[in-house]
Amino acid sequence: MSKLSIRDLPLKGQRVFLRVDFNVPLDDSGAITDETRIRASLPTLRYALERGARLILASHLGRPKGRPDPRMSLRPVAQRLGELLGRPVAFAADCVGPEAEQAGAALSDGAAVLLENLRFHPEEEKNDAEFARRLAALADVYVNDAFGSAHRAHASTEGITHWLRPCAAGLLMEKELEYLGKAVENPARPYVAIVGGAKVSDKIDLLRNLLKLADTVLVGGAMAYTFLKAQGIEVGRSRVEEDKLNLANELLRSAAEQNKALCLPVDHVVADRFDASASPEIVKGAAIPAGRLGLDIGPATRSRYAQEIARAQTVVWNGPMGVFEMPPFAEGTLAIARAVAASPALSIVGGGDSVAAVNQAGVADRITHVSTGGGASLEFLSGMKLPGVEALTDRP
Ligand code: AMP
């Protein structure tokens, strides 16, 4: 990795501003309903605390619109984090100002305080320089472990780095960059990319970049119907982006010119309406009859895609193959999850739905790397530079 890591920093007695991703879902009573993100930060926290760092933890939670909202307070997270770490984690009711300053100054070696939600201040998302300076004033060094927020240039991910040096990656950030880096630099071949989801328009950059990097791109989800229609194939009432037909043709041409395989479904699971109680029917062949909607890839497509995945040395997957939230249309996505897990390839899964699918299929532990950052992994694989990563100090 070209960026400094927390492993390169002296930590004893240092006040470390550690940007984490504690953007966890809370229910109406303020209880945490999924603590995956808190657990994902534990290796970095334990590493720093064991070495005597004084940790000032900062995160956003939800979208509080730039003002304090008790429903999006991080206080319950401080409590839960303390239980997971087996040592109390203090809480400061504001992320800047006297409360935060006193809490930071009161830390002893190996102790941590969690600051209140950064987004209670509108300056965070505006990347306001003065706000960034006030955050920086709390600490001696900066570590970013919030890969899921690295695609945004906010005060706590980018602005702060102008006021505090050195700036290093935490262990989770480092792991994300290491594995995602393998998918964009010198990947082992054959390289198979699987792209699904609702819209071609959301994933144009991803498709373009993966067509450059990978040998084979397998397409599923609603976006496949835009590609099929662009080729003059009947798709019934399936979801199509009419204004992206030219783009779809351009991508198909570009694949052919680069001698890459862009594979589309050869059969489908369809229904007469977009509803979990609709009866699924299998349609053989690429065309979908009038009046029917394609809602999942069919069995022949599943096995064809699984064969490609089994032969791969590198696999990258982003986006579901169908409306997997509805059980009758989930099989295609689950079959891909199992195929990716069974493949000997280095496998990387990113994006909320695909990650949910590998968890639902019970195969997450057989995936080489399950990314914690949906939007950030999408941008990284699309070949974009992430401002929160670029801002970190280069390794000498
Ligand atoms: P994305 O956020 O672009 O990855 O898209 C994910 C969404 O695409 C999920 O909510 C899926 O239900 C939806 N989706 C996948 N396949 C289809 C389809 N055939 N028709 C309609 N929506 C779909």
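The ligand is surrounded by 14 residues, the closest being Ala 198, Lys 203, Gly 294, Glu 325 and Asp 353; a residue counts as near if one of its heavy atoms lies within 4 Å of the ligand. This is a predicted model, in which local features need pLDDT of at least 70 and side-chain atom pairs count only at pLDDT 80 or more, while totals for chains, interfaces and linings use all residues. Residues are numbered from 1 along each chain as its sequence is written, and side-chain values use heavy atoms, with hydrogens and water left out.

**Ligand contacts**

- A polar backbone atom of Ala 198 lies 2.9 Å from an oxygen atom of the ligand, where a polar contact is a pair of N or O atoms within 3.5 Å.
- An N or O atom in the side chain of Lys 203 is 2.9 Å from an oxygen atom of the ligand.
- A nitrogen atom of the ligand is 3.2 Å from a polar backbone atom of Ala 222.
- Of the 510 Å² of accessible area that the ligand has on its own, the protein covers 82% (Shrake-Rupley method, 1.4 Å probe).

**Helix α1**

- Helix α1 (a DSSP run of H or I, at least four residues) bends by about 40° at Leu 42, and Pro 43 follows within four residues; the bend is the angle between axes fitted to the seven residues ending there and the seven starting there.
- The buried residues of α1 include Ile 38, Leu 42 and Tyr 47, buried meaning under 20% relative accessible area (1.4 Å probe, protein chains only).
- Those buried residues pack against elements including β1 (15–19) and α6 (171–184), with contact meaning heavy atoms within 4.5 Å.
- Just after α1, Gly 52 takes a positive phi of about 80°.

Note on methods
Helix = DSSP H or I, 4+ residues; strand = E, 2+ residues; numbered from the N terminus. Buried < 20%, exposed > 50% of the residue type's maximum accessible area, 1.4 Å probe, protein only. Polar contact = N/O pair within 3.5 Å; in protein donor to acceptor, adjacent residues only side chain to side chain.
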